[in-house]
Amino acid sequence: MIKEFPVELITGIEKIDLQHMELIARIKMLHESFLNGTNREKLAETFEYVKCYINEHFATEEYYMIKYNFPEVQRHQEEHKEFAEKYSKLETLFKKDSNSSDFNLDFNVQLIDWQKNHVMSEDMVLADFIRDREEVNASIKNESY
Ligand SMILES: [Fe+2]
Ligand SMILES: [Fe+2]
């Protein structure tokens with residue numbers, strides 16, 4: 001586990017934890033790159049990473065939401081969609097060009113905001129729900145022996 005990973009983000013759901021750890025590590029790297037002078041290549045690399053994060057991680061969470069009939073599914077998916085849209089706008093502007101340090105700052109702000117307002121809140125509600133469901137399923141399985 002990366003040492004900067006906040007313990008309060010550990011959900012015990014391995015796949016989600018690994019994906020969140022990678023996200024937090026990338027946010028940190030991007031922030032460091034901003035402080036040390038923007039490197040356009042690093043920025044491009046982070047944009048690529050976030051594209052994969054959106055595809056893979058959102059699919060992971062949505063798989064669990066559907067599997068366990070998560071009651072807040074609509075709201076959660078809406079937040080994923082909004083993030084993906086914001087990301088996509090920023091990426092389009094970045095590809096067109098110009099001042100990389102502006103993008104670095106905007107991207108940083110977007111990701112830090114996402115970490116605080118979604119990962120540390122909505123995702124934790126979802127993770128609690130998944131854990132409860134998995135515990136119930138495990139105890140039903142045990143009872144049937
Ligand atoms: Fe989420
Ligand atoms: Fe998440």
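How many helices and how many strands does the protein chain have? The protein chain has 5 helices and 0 strands, where helices (H or I, at least four residues) and strands (E, at least two) are DSSP runs numbered from the N terminus. The structure is a predicted model, in which local features need pLDDT of at least 70 and side-chain atom pairs count only at pLDDT 80 or more, while totals for chains, interfaces and linings use all residues. Residues are numbered from 1 along each chain as its sequence is written, and chains are lettered from A and ligands numbered from 1 in the order in which they are written.

## Overall architecture

From the N terminus on, the order of elements is α-α-α-α-α. The C-alpha trace of the protein chain spans about 65 × 30 × 20 Å along its principal axes. Of the 145 residues in the protein chain, 19% are buried; a residue is buried if 20 or more other C-beta atoms lie within 10 Å of its own, exposed if 12 or fewer, and partly exposed in between, with C-beta atoms placed from the backbone. Among contacts with a separation of 6 or more, 71% join residues 24 or more positions apart. Two residues are in contact if their C-beta atoms, placed from the backbone, lie within 7 Å.

## Helix 1

Helix 1 comprises residues 14-35, 22 residues in total, and reaches 32 Å from its first C-alpha to its last, close to the 32 Å expected at 1.5 Å a residue. The expected span is 1.5 Å times one less than the number of residues. Buried positions in helix 1 are Ile-16, Gln-19, His-20, Leu-23, Ile-27, Leu-30 and Ser-33. They cover an arc of only 145 degrees around the axis, which puts them on the same side of helix 1; the arc is that of the directions from the helix axis to the C-beta atoms. An α-helix has 3.6 residues a turn, so residues three or four places apart point the same way.

The buried residues of helix 1 pack against helix 2 (40-67), helix 4 (100-119) and helix 5 (122-143). On the face turned away from the buried side, helix 1 carries the exposed residues Glu-14, Glu-32 and Leu-35. Just after helix 1, Gly-37 takes a positive phi of about 95 degrees.

## Helix packing

Axes are lines fitted to C-alpha atoms, for helices over the stretch in contact, and angles run from 0 to 180 degrees between N-to-C directions.

| Helix pair | Axis separation | Crossing angle |
|---|---|---|
| Helix 1 and helix 2 | within 11 Å | roughly 160 degrees |
| Helix 2 and helix 4 | 10 Å | about 40 degrees |
| Helix 1 and helix 4 | within 10 Å | roughly 150 degrees |

The axes of helix 1 and helix 2 cross at roughly 160 degrees. That makes helix 1 roughly antiparallel to helix 2; angles under 35 degrees count as roughly parallel, over 145 as roughly antiparallel, 65 to 115 as roughly perpendicular and the rest as oblique. The crossing of helix 1 and helix 2 is left-handed, a term for the near helix being turned anticlockwise from the far one by less than a right angle, with clockwise counting as right-handed. Residues of helix 1 at this contact include Lys-15, Leu-23 and Arg-26, and those of helix 2 include Tyr-49, Tyr-53 and His-57.

Helix 2 and helix 4 pack at an angle of about 40 degrees. That makes helix 2 oblique to helix 4. Helix 2 passes helix 4 in a left-handed crossing. The contact is made by Arg-40, Leu-43 and Thr-46 of helix 2 with Ser-100, Phe-103, Asn-104 and Phe-107 of helix 4.

The crossing of helix 1 and helix 4 is also left-handed. Among the residues that meet there are His-20, Ile-24 and Phe-34 in helix 1 and Leu-105, Leu-111 and Gln-115 in helix 4.

## Helix 4

Helix 4 has the buried residues Ser-100, Phe-103, Asn-104, Phe-107, Leu-111, Trp-114 and Val-119. Seen down the axis of helix 4, these residues fall within an arc of 100 degrees, so they line one face of the helix. Their cover includes helix 1, helix 2, helix 3 and helix 5. The face turned away from the buried side of helix 4 carries the exposed residues Ser-101, Asp-102, Val-109, Asp-113, Lys-116 and Asn-117.

## Individual residues

Asn-69 lies in the loop between helix 2 and helix 3 (73-96). Although not a glycine, Asn-69 has a positive phi of about 50 degrees. Most residues other than glycine have a negative phi. Asn-69 is exposed, with 9 other C-beta atoms within 10 Å.

Glu-134 is placed in helix 5 and counts as partly exposed, with 15 C-beta neighbours inside 10 Å. The C-alpha atoms of Glu-134 and Tyr-68, 66 residues apart along the chain, are separated by 9.0 Å.
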